[in-house]
Amino acid sequence: MELALDILPQVLVDGIVLGFMYALIALGYTMVYGVLEFINFAHSEIFVLGAFVGVEILLLLESAGHLATLHTAFVLLIVILSGMLLSGLAAVALERVAYRPLQRSPRLVALISAIGASFFLQDALRFFESLWRNTFYLTYPTLDVLDKTVPLGLNVVVPVKSLLVIVTALVALAVLHLFVNRTRLGAAIRAVAQDPDTASLMGIPVNRVIALTFFVGGAMGGLAGVLFGLHYSLVNPYSGFFPGLKAFTAAVLGGIGNIPGAMLGGMVLGMLEAFAASYLSILTDGAFGAEYKDVFAFVVLILILILRPKGLLGEKVREEGA
Amino acid sequence: MKVGLTHVGVVAYIIASSALVFVFPQSVLAFLCFEASLLVIYYASVDQTTKFCLGTIVLLVLLPLLGSVNGYYLEVAIQVGIFVALALGLNIVVGFVGLLNLGFVAFYAIGAYLWAIFGSPQANHFLPGNLFPLSSVWFFPFLLLSVGVGALTGALLGLPVLRLRGDYLAVVTLGFAEVVRALVNNFDKPINITNGPKGITPIEKPPLFFQPLLEFLGFSVNPSTLYPFYFYFLVLFIAMLTVVVARRLEESRIGRAWKAIREDEIAAAAMGIPVVRMKLLGLAVGASFASAVGVLFAAKQVFINPESFTFMESIGVLAMVILGGMGSIPGAILGATGVTILNLQVLKGLSLWLNSVRQSGIVLSIPLFGDFTLSQIPAQFEPAKYERMVFGLILILMMMFRPQGVLPPRQKRGH
Amino acid sequence: MALLELRGISKRFGGLQALNRVDLTLEDGMIAALIGPNGAGKTTLFHTLTGIYRPDEGEIHFIGRSLVGLKPDKITGAGISRTFQNIRLFAHMTVLENILVGMHCRISTSLWGILLQSQGAHRQERDAARRAMELIELAGLRGKENEWAHQLSYGEQRRLEIARALAANPKVLLLDEPTAGMNTTEAQSLMMLFKDLIGRYVQAVLLIEHNMRVVMGISHRVYVLDYGEKIAEGHPDEVRRDPRVIEAYLGPGTWVGDAQS
């Protein structure tokens with residue numbers, strides 16, 4: 001039991017980091033579901049794209065010799081902003097090419113197209129990286145500052161990269177919250193989510209609001225991708241599958257279409273996973289170990305959908321029919 | 001029977017394309033021409049009996065003959081047969097009942113592991129008595145058993161998820177398949193049931209029950225040359241069986257109930273259809289197809305591991321169903337054949353061609369870019385490595401331009 | 001004896017009292033009409049009767065058997081089938097298949113019978129197809145049995161839906177605005193059809209209808225709903241003179257024969 005207590009702070013930090021990561025990705029799922037009522041299955045690739053933009057910029061800076069000379073904060077700012085921008089634009093392009101032509105089709109048709117887009121993007125990324133770098137397994141260059149640790153007292157040390165994830169995610173979530181709730185564009189998104197037909201009658205350009213939603217959701221996914229890369233270092237075109245599905249689980253857990261719900265769901269899922277990864281083995285005396293953490297998320301997903309399909313905070317999806 | 005010009009044309013095509021394969025046994029193109037003869041038969045305006053006879057000749061006589069010229073063709077045909085049965089199973093779930101099952105591969109895995117565990121020494125790890133591997137005679141009982149186990153797991157998965165909205169159901173079935181894969185991957189401890197990522201080998205093959213007969217007739221054939229043909233006929237038989245089962249169901253009250261549920265669940269219930277029971281039945285039948293084919297797959301491969309049962313496989317089968325046309329049995333057959341041949345022959349063929357180009361050492365002079373040696377083409381460009389891209393493109397393009405598929409269900413004339 | 005009897009049926013949706021203690025009786029050989037302004041609860045009553053909704057209170061008796069709590073398919077099996085206000089055909093199935101779906105609970109082939117193509121299964125399918133052709137004939141859709149349902153004209157779709165409901169071999173047929181969107185001639189011919197149905201295909205018909213000509217022309221009894229409550233019932237002539245009905249349903253002074261909505 002003492003061992004269990006010893007690792008508790010570490011588990012908490014891991015859980016928070018994972019939780020913010022899932023929360024950021026989950027926003028993309030939940031916002032798109034809010035306005036279009038469909039699962040943007042390719043969002044996981046938008047997330048991976050962010051991670052690849054990050055590693056490419058860092059590698060370019062490194063090969064040009066700037067990585068050592070520029071201030072790390074400045075480098076991080078560039079990397080994060082470009083990851084967000086490109087992922088956001090990619091999400092908009094995705095919507096324009098693969099989803100908008102299907103807006104009037106049944107929902108499952110759009111979902112199948114989204115799955116196709118997800119597979120296509122994975123291999124497209126692989127193809128591009130193979131062409132460019134002759135490999136598609138990339139490693140983030142080390143930024144010395146990130147590997148340092150900060151003591152928090154009580155024998156707890158936190159790596160700077162974990163703090164980076166936490167702080168950046170907090171800022172992004174706060175900005176997003178203000179954007180959605182305090183600006184005209186945010187109000188337009190909420191209006192379309194509630195009732196696209198009425199919103200359109202009120203003079204809101206629905207298609208542009210949908211594109212904006214994809215951009216914002218994509219940018220959040222891209223941010224998560226960059227943070228994922230900075231934190232875990234390794235990326236490949238197929239890295240998005242599990243984080244994507246877990247983030248979707250988080251979105252459902254919080255109540256799909258519900259933005260605070262996605263944040264809460266992400267955090268709950270991140271914590272559950274961190275605890276499962278560390279304590280499952282201790283609790284079952286080694287019979288079941290960390291390798292079950294991925295299964296764990298799916299079990300949560302299945303249980304939530306069956307027991308409480310509207311999620312913890314309730315769905316904010318328009319009523320069908322009526 | 002009136003023999004028209006069409007009959008002559010079809011037969012001529014079949015003879016010509018088979019001859020082409022005999023002359024150029026290594027040519028992918030020649031074999032593709034031969035495979036197309038089945039399409040020619042399907043589309044030719046000749047009567048059903050002729051179609052049936054010609055199809056039987058092509059599948060039962062010509063294809064095995066060509067397989068004796070180039071063994072790879074048998075392998076291709078076996079794979080096609082496996083995927084035809086899988087696609088027909090998924091077509092029942094997605095095409096008839098209208099449930100988007102993204103975890104279909106799970107049932108395939110369950111069937112495969114069922115035979116792999118008991119048809120190899122693996123079961124000795126957790127059952128006493130050193131009884132395993134079961135002798136190959138048990139293959140057929142296990143084939144039957146797998147139908148039951150598949151149906152049961154299909155229905156058990158259905159019970160909790162059927163109330164979900166269509167898109168949620170899709171994600172949950174995906175999750176279910178990943179859970180199955182993770183369990184298979186990790187159940188080498190605390191008790192070693194699946195041998196984890198290392199996989200299981202050697203798995204018993206089906207029994208050569210006809211060997212005494214062959215010997216009696218004076219043939220002494222080496223089992224290793226016999227097995228590819230044996231598997232070919234076995235797969236052909238099972239694929240045909242699935243076609244018959246799927247067709248009979250489609251034309252029965254059960255098939256009509258499935259389609260009614262797909263079209264309008266509330267109206268279906270109002271017409272006296274027990275919606276939940278029918279959906280469960282659909283999931284169970286689809287799963288039983290996959291599970292039975294899984295047994296066959298394990299026996300054919302001799303070695304299986306969790307890598308054969310990924311999400312990509314599920315999507316591959318989905319792409320086949322969608323390419324052919326959801327709810328269409330000829331469509332599912334065409335889709336499975338087309339996609340399998342695309343993967344096994346066209347993409348592999350292009351990869352081989354690319355390799356030969358690279359090894360040729362030719363130097364291209366491109367204006368402005370200077371010289372480019374073809375051997376510099378990276379190995380990562382091999383088209384065979386981009387299966388996902390192919391599946392993805394099929395899904396997107398079909399949804400955009402032809403959601404009903406290449407061979408959508410047709411209205412039947414008369415009955 | 002009453003064929004179908006509803007006693008004190010109530011249904012609430014949140015704060016809305018959609019049905020408030022509605023009583024209704026349907027006797028053998030009877031055509032009854034259910035009328036009332038939009039939103040009066042007519043379709044809700046149909047949904048409650050057919051098991052789509054479960055009533056909060058009240059009893060439904062059908063030939064001495066309670067139907068409350070039964071699933072829609074069981075109610076159809078018991079002998080009540082219906083059409084929908086906004087036609088709900090199986091669009092990507094043929095006319096013949098639509099009818100055959102309606103016969104689902106009258107065909108009893110088992111899974112094994114189907115897979116092994118047993119004699120019995122074969123015979124049942126053949127009989128079903130023959131009966132389906134009769135119904136297609138009845139609905140005036142002869143020659144169209146192999147067309148997709150969605151290819152039919154609006155009037156044909158309405159008639160197909162009625163034929164599909166009849167395919168379930170019901171004792172009671174519920175029709176939700178069967179003549180909506182039809183012109184007078186079409187509505188008249190459908191009316192004649194309903195009269196012919198009684199005794200030959202069904203024992204009783206209950207229809208929701210806005211076309212007063214239809215209501216007055218064929219119904220033996222009229223029930224009037226308003227805000228979920230039954231405000232009047234009786235012979236069409238009595239109901240048309242009932243001041244409460246005139247006020248609630250038609251508005252003061254607008255009573256004319258044809259109040260199509």
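In the predicted model, B:F83, B:L86, B:A87, B:L90, B:N91, B:V94 and B:G95 in α4(B) meet B:V317, B:L318, B:M320 and B:V321 in α13(B). Contact here requires C-beta atoms, placed from the backbone, within 7 Å. Helices are DSSP runs of H or I with at least four residues, numbered from the N terminus. By class, this contact holds 9 nonpolar, 2 polar and no charged residues. Ala, Val, Leu, Ile, Met, Phe, Trp, Tyr, Cys and Pro count as nonpolar; Asp, Glu, Lys and Arg count as charged; the others, Gly among them, count as polar.

Helix α4 spans residues 71-97 of chain B, and helix α13 spans residues 311-324 of chain B. They pack at about 75°, with axes 9 Å apart. The axes are lines fitted to C-alpha atoms over the stretch in contact, and angles run from 0 to 180 degrees between N-to-C directions. α4(B) and α13(B) are therefore roughly perpendicular, a term covering 65 to 115 degrees.

Chain B divides into domain 1 (1-69) and domain 2 (71-324); the bounds come from an automatic or database domain assignment. Their centres, taken over C-alpha atoms, lie 30 Å apart. Across the boundary, 6 residues of domain 1 contact 8 residues of domain 2. Helix α3 (residues 48-69) of chain B supplies the largest share of the domain 1 side, 5 residues. That side comprises 5 nonpolar, 1 polar and no charged residues.

Chains A and C do not touch; their nearest C-alpha atoms are 12 Å apart.

Residues are numbered from 1 along each chain as its sequence is written, chains are lettered from A and ligands numbered from 1 in the order in which they are written. Local features need pLDDT of at least 70, side-chain atom pairs count only at pLDDT 80 or more, and totals for chains, interfaces and linings use all residues.

How values were computed
Two residues are in contact if their C-beta atoms, placed from the backbone, lie within 7 Å. Helices (H or I, at least four residues) and strands (E, at least two) are DSSP runs, numbered from the N terminus. Angles under 35 degrees count as roughly parallel, over 145 as roughly antiparallel, 65 to 115 as roughly perpendicular and the rest as oblique.
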